[in-house]
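Trainee: Could you walk me through a structure that is new to me? I would like to know what stands behind each label.

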Amino acid sequence: MDHSQLLKKYNVPVPRYTSYPTVPYWSDSPTSAQWLEFLQRALSQPDSSWSMYLHIPFCETLCTFCGCNTVITRGHERESPYVKTLLQEFFNYHRHLPLLADKPLRQLHLGGGTPTFLSSAHLRALLEGLYRHVVIDKKNFVASVEVDPRRTSVEQLQVMFELGFTRVSLGVQDFDPEVQRLVNRIQPLEQTRELTEAARAMGYQSVNFDMIYGLPKQTVASFGPSIDRTIELRPDRIALYSFAKVPWIKPQQRLFKDEDLPEGGEKLALFEVAYNKLLQAGYIEIGMDHFALASDKLSLALKNKSLHRNFMGYTEIRTDILLGLGVSSISETRECFHQNEKVLPLYEKKVQAQEVATLRGHILSADDQRQRDQVLRFMTQGSVPLRDAGQVSDVRRFLEDMLRDGLVRLEQNTLSITELGRPFLRNACVVLDQRLREQKPETRVFSQAL
Ligand SMILES: C[S@@+](CC[C@H](N)C(=O)[O-])C[C@H]1O[C@@H](n2cnc3c(N)ncnc32)[C@H](O)[C@@H]1O
Ligand code: SF4
């Protein structure tokens, strides 16, 4: 079977496994008090360190492909109250968990929305406000930020660099002007080039570009050159996402019709052209959607088998505690997931009342934890030892087709993905996902594999 036929055969809806259990299977939600107990327990472990995620939901304009949790506004007077609420949320946690101030902070990520919606002064106030109350793990600290090149100044990059940021991720999506027009995101190549060069000159060590295939009116003839432009700018990392159609974007907000979207074979051809170009240009496929130069820490972690995966995607940094602050943010410990309120006024109200802004979450059972370890190992290392003879025969049966097509291998009780199978990692991972296998979702909740 050639590559195109394989892409067609395995292009079915499957989870992305940024968590296990995946979000639609979260059932046993913690109360706010329980969540604080789980955090306390995780922080009490000797030698534990932690990661922090800050969600800034604001964007000035709506990109009509966007599936992120955003608030579209040009009202920059909202910056200051939001920064205050984020700091307040941190202090609320700190009041219950004094240990938070002693544990070394290993990783910090600012995501959105658009973190650079905040002015340099507000970014500084937010970060300095937090740094005053945490201990930074100076030797190992890594801070990263997602930026929209249309709304990011060199000054903002400079302020974050001074405050310890060394990684930056630029939203690009596609360089083609017509595709950009149709998704309401005009972003000249020069703007992306200038910001990339400024970040490098300043000393940022890792630059990532987000690209999307499957956008309206994308063709192989237009997307191929967009990938070439990307390769010329040589970002250290590239995320190549499949466009997940967002039903809540109203047709009148879009400049394109459903018929403009490349579907089926056309969409797969876009993936194939990008995939081949990236590999030919020396990028290494890290796992689902992610590529990196051999010199990047992600590639090194893949090689050393120390890659990790969490809600922020692939990372070479493993901490057992991820604390998410901000509207809709997700947190996790080994035993529990927790998500904040997704509606901004509800989130603000709870934080201002000094409450934890719990929306939902999941307490992992012992079985969940065992399965999560297997899923994580398979998604990050591409191979996993199976538990016993029963699981081996289950895998043999469930992955019969993938074994026959040479996408996975089963040797000495270890399941591995083959080179050919790498784009189908998440299809194979389903065999380890007991919750999905026991109960299929009633509505369509997962995007296509490609
Ligand atoms: C928070 S944004 C990045 C930062 C900034 N807001 C920007 O757009 O430049 C996160 C990324 O998610 C991806 N994304 C958003 N909506 C998507 C969708 N419906 N399908 C696939 N990828 C999507 C885009 O590649 C986007 O760059
Ligand atoms: S892609 Fe980025 S800038 Fe565009 S709406 Fe989504 S979060 Fe905002």
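Mentor: In this predicted model, the lining of the largest cavity divides into 8 nonpolar, 6 polar and 7 charged residues.

Trainee: What makes a residue nonpolar, polar or charged here?

Mentor: Ala, Val, Leu, Ile, Met, Phe, Trp, Tyr, Cys and Pro count as nonpolar, Asp, Glu, Lys and Arg as charged, and the others, Gly among them, as polar. Arg-372 is among the residues nearest the centre of the largest cavity, and Arg is therefore counted as charged.

Trainee: Why is this space called a cavity?

Mentor: On a 1 Å grid over the protein atoms alone, a 1.4 Å probe fits at its points but cannot get out, and lining residues have an atom within 4 Å of a point. The structure holds 4 cavities of 30 Å³ or more. The largest has a volume of about 190 Å³, where volume means the space filled by probe spheres set on the points, joined across faces, edges and corners.

Trainee: Which elements supply at least two residues each to the lining of the largest cavity?

Mentor: They are strand E12 (308–310), strand E14 (321–325) and helix H12 (366–381). Helix H12 gives the largest share, 5 residues. Helices (H or I, at least four residues) and strands (E, at least two) are DSSP runs, numbered from the N terminus. Domain 1 (20–363) and domain 2 (366–438) each provide at least three lining residues, with bounds from an automatic or database domain assignment.

Trainee: What lines the second largest cavity?

Mentor: Its lining has 12 residues, with Phe-271, Met-288, Asp-289, Pro-423 and Leu-450 nearest the centre. About 80 Å³ of space lies inside. Helix H9 (264–280) and strand E10 (284–287) each supply at least two of the lining residues.

Trainee: Ile-284 lies in strand E10. Why is Ile-284 called partly exposed?

Mentor: Its relative accessible area is 30%. Buried means under 20% and exposed over 50% (1.4 Å probe, protein chains only), so a value in between is called partly exposed.

Trainee: Which residues does Ile-284 touch, not counting those up to four places away in sequence?

Mentor: Ile-284 touches His-290, Phe-291, Ala-292, Ala-294, Ser-299 and Leu-302, where contact means heavy atoms within 4.5 Å. Ile-284 and Ser-299 are 15 residues apart in sequence and 6.9 Å apart in space, C-alpha to C-alpha.

Trainee: How should I read the numbering and the values?

Mentor: Residues are numbered from 1 along each chain as its sequence is written, while chains are lettered from A and ligands numbered from 1 in the order in which they are written. Local features need pLDDT of at least 70 and side-chain atom pairs pLDDT 80 or more, while totals for chains, interfaces and linings use all residues; side-chain values use heavy atoms, leaving out hydrogens and water.

Notes:
1 Å grid on protein atoms, 1.4 Å probe; cavity = no way out; pocket = protein on both sides within 12 Å on 5 of 7 lines; lining within 4 Å.
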